Amino acid sequence: MTPAPTPEPIPAPIPAPSPAPWALLAEVTHACPLHCPYCSNPLELVRRSAELTAADWARVFAEAADLGVVQAHVSGGEPLLRPDLVEIVASAHRAGVYTQLVTSGVGLTADRLDALLDAGLNSVQLSLQDARRPGSDLIAGRVSYDDKERAAGVIRAARVPFGLNVVLHRRNLDNLREIIEVGARWGADRIELANAQFHGWALRNRAALMPEGGQLDRAKATVAAWRERHERPELVWVMPDHHEGVPKPCMGGWGARSITVGPDGTALPCPAAYGITDLAFPNVRDESLARIWSDSAAFNAYRGTDWMTGPCRECPRRETDFGGCRCQAHALTGDAARTDPACALSPDHHLVRAAAAAAREPGPPYVYRRPAALRP
Ligand code: SF4
Ligand code: FES
């Protein structure tokens, strides 16, 4: 009798490869001339002495490119405060990565921009706090509107792709039409209208920033009316999740599309993830970006859908919104693995509803990160 063949050992399941990131947020410094109350950087900022060197950044960009990253946002804080910014941008360019400077505009002269463009910079995103000088300076916590207007002129004159970024909240939402007109006058190609999120320092100012529902409806109508009559600037607008009961697919999913590297080399799946204190985030000083991306416990913690609990696990939207925002879940419930409280199905949804319902005029004064010259 022929012996039965020994069954082949069943191979261990091969884990699905992590999707490649396509964007890198390079936070080259936390130092900043502005004091915006909606700042999503952590409460404890990285000291200048702990920042990565330009040589460190060159390695990060090269590793990011190898990993599949095609676009880097060189951000902060204010990246122009890095005296070696040209060197940093040049290394991103050498790595073959499309590079955008994200700036407040304070310190952006024609000479500085020329040097950055010579180094390979591809586009500039300028922040604006409000349509008019007093409101903008009040929100920024310092006189800066004129610097921004000058910077816009420098960017336009250089004919480099020019985006404006405006964080919207209770104090400026009703000025939206005027803000868009300023962007058009300054020559922006595109305006990102980013409704304030409540991470990092912004959580301290949530009561002052939270809009009333009516403001958001009016803003939505303003955006629609502009789009009907104008092709430029292109407007990017997304309704905030706290008023709709429908969570956003935050970051396009945890560890799915982008990677943030902080000023000291801390690598995060989301720029606001510093607040999730029970995760140990790896550092590019210790490991390669490829290893961090595919193997680190922090990047794998909320990847995909296996980690989900509660209503998300059975929900048909789980592959669409990935359970919403991990940072918001952690900030509001202390547990990043809970369903985002912005979701109407979350058992914690009342926390978001209560904060939205508490929005009232006038809000409390802003808490600035450092003593600022201007107070509301
Ligand atoms: Fe999204 Fe989870 Fe809410 Fe479903 S239950 S909509 S997956 S956050
Ligand atoms: Fe971090 Fe949403 S802000 S996951």
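Q: Which residue stands opposite S75 in β2?
A: E27 does. β1 is residues 23-27, and it pairs with β2 in the parallel sense over five bridges. Pairing takes at least two DSSP bridges between the strands. Strands (E, at least two residues) and helices (H or I, at least four) are DSSP runs, numbered from the N terminus.

Q: How does the chain cross from β1 to β2?
A: Through helix α1, residues 54-67, in a right-handed β-α-β crossover. Right-handed means that, with the strands pointing away from the viewer, the path from the first strand over the helix to the second runs clockwise.

Q: Is this a predicted model, or what is it?
A: Predicted: local features need pLDDT of at least 70, side-chain atom pairs count only at pLDDT 80 or more, and totals for chains, interfaces and linings use all residues. Residues are numbered from 1 along each chain as its sequence is written, while chains are lettered from A and ligands numbered from 1 in the order in which they are written.

Q: Back to the strands: why is β2 largely enclosed?
A: Because four of its five residues, 71-75, are buried (20 or more other C-beta atoms within 10 Å of a residue's own, placed from the backbone; exposed is 12 or fewer, partly exposed in between).

Q: And which residue stands opposite Q71?
A: Y98 in β3. β3 (residues 98-103) pairs with β2 in the parallel sense over four bridges.

Q: New topic: how many residues surround ligand 1?
A: 13, and the closest are P311, C312, C315, R317 and C343. Here the C-beta atom must lie within 6 Å.
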